[in-house]
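Let us walk through this model step by step.

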Amino acid sequence: MNSEAEILLRTQTEKRRLLRWRIAAILFFLTALVVAVGKGHPVAVDLGGRPHIARVVIKGVIGNDVSRITTALKKAQNSPSVTGLLVVVDSPGGGVTGGERLHDAIEQFAAKKPVVVTMGDMGASAAYMLSVPAQHIVALPSTLTGSIGVILQRPDVSPLLGRVGIDVAAITSGAMKDQTDPTSHLTPEGKAMLQGLVNDLFDQFVGMVSKGRHLSEEKVRSLADGRAYTGRQAIGLGLIDELGDEDAARLWLRKQLKIGNAQYPVMPLLSETSRHWYDFPHRRAILEGVFGAGIMEKMDRQLAISSLDGAVAILQP
């Protein structure tokens with residue numbers, strides 16, 4: 001009798017455990033689905049009214065489509081009520097194209113009005129690229145910044161296809177046309193061609209840093225082997241200007257504008273709108289309760305990275 005009860009208890013326990021795993025699997029699938037669909041998009045804030053400083057936050061992996069931010073920056077640049085720009089950066093980098101477009105938009109703004117960048121945990125790779133046009137860069141002593149470099153990953157799955165009996169025949173107009181296709185074998189000539197692309201993008205990156213930070217290209221290249229620097233290291237190398245937080249960045253900007261704190265607001269350039277159930281905090285909390293906050297953060301980051309096409313400038317975890 002006891003053995004039957006024990007068997008029944010074990011059976012019920014296994015069923016409950018299996019049910020929990022099934023629920024977790026479903027939640028995991030839904031999480032991946034909604035993250036892939038995307039979060040709400042930033043929308044421009046009304047810039048009318050009294051003079052103020054515009055504040056824009058660039059956080060997380062930088063995608064290649066940054067048109068909403070660049071459009072808002074252009075509008076702020078031409079707005080008589082916007083007197084300066086505060087850029088809050090907390091990003092490991094991302095797409096080279098996105099970083100370059102943000103760099104150019106901030107450079108155009110800085111040609112007309114003062115810009116200051118303040119960095120949080122990270123301001124590396126493409127995030128550092130977009131920061132260099134600012135007249136002043138502030139970072140915490142522990143901030144990871146720099147990481148000047150470009151990476152282009154091109155997987156080659158052709159050996160695996162051959163093992164399973166699949167032969168992919170590419171009919172191309174030229175020897176290099178299929179060298180970005182992971183189902184085609186990467187030839188030495190194709191690798192050299194892709195290396196040339198990376199080298200040219202890297203040269204552009206070095207040029208941006210040299211111009212923005214008023215450093216010689218030789219000096220920048222000596223620092224640009226892809227490594228990151230702490231804020232404390234970066235200030236001695238000329239990559240940033242000051243150690244401090246956002247308050248220090250605001251103080252610098254107010255001194256440039258010769259204004260005090262009273263009656264002179266700092267207003268957000270963009271506001272975030274929630275369009276998916278995943279964006280709501282209590283629903284995010286449920287997923288973090290099941291998988292853990294660390295797993296969710298890694299999932300967000302990997303999905304964002306995997307959505308990028310082409311070369312990236314990012315500090316890998």
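Two strands pair if DSSP finds at least two bridges between them. Strands S5 and S6 pass that test: four bridges join them. The two run parallel. S6 covers residues 136-139. This is a predicted model, and the pairing is read from its coordinates.

Now look to the other partner of S5. Strand S3, residues 82-91, is joined to S5 by six bridges. S3 and S5 also run parallel. So which residues carry the link from strand to strand?

How covered is S5? The strand spans residues 115-124, and nine of its 10 residues are buried. S5 is mostly covered.

Next comes a helix. H2 runs over residues 67-78. Its 12 residues reach 17 Å from the first C-alpha to the last. That is close to the 16 Å expected at 1.5 Å a residue. Which residues of H2 are buried? They are Ile69, Thr70, Ala72, Leu73, Ala76 and Gln77. Seen down the helix axis, these buried residues fall within an arc of 160 degrees, so they line one face of H2.

Pick one residue from that set. Thr70 sits in H2. Is Thr70 buried or exposed? Its relative accessibility is 14%, so Thr70 counts as buried. The cut-off for buried is under 20%. What does Thr70 touch? Leaving aside residues up to four places away in sequence, Thr70 is in contact with Arg101, Leu102 and Ala105. The Thr70 side chain has a polar atom as well. That atom lies 3.0 Å from the backbone oxygen of Ser67.

Step back to the whole protein. It has 11 helices and 12 strands. Of its 317 residues, 41% count as buried. Residues 24 or more positions apart account for 77% of them. The accessible surface comes to about 17,400 Å². Carbon and sulfur atoms hold 58% of that surface.

Return, finally, to the two elements followed here. S5 is joined to S3 by six bridges and to S6 by four. H2 has its buried residues along one face, with Thr70 among them.

Note on methods
Residues are numbered from 1 along each chain as its sequence is written. This is a predicted model: local features need pLDDT of at least 70, side-chain atom pairs count only at pLDDT 80 or more; totals for chains, interfaces and linings use all residues. Side-chain values use heavy atoms; hydrogens and water are left out. Buried means under 20% relative accessible area, exposed over 50%, partly exposed in between (1.4 Å probe, protein chains only). Contact means heavy atoms within 4.5 Å. Accessible areas come from the Shrake-Rupley method with a 1.4 Å probe; for residues, only the protein chains shown count as cover. A polar contact is a pair of N or O atoms within 3.5 Å; within protein, one must be able to donate a hydrogen and the other to accept it, and residues adjacent in sequence count only if both atoms are side-chain atoms. The expected span of a helix is 1.5 Å times one less than its number of residues. The arc is that of the directions from the helix axis to the C-beta atoms.
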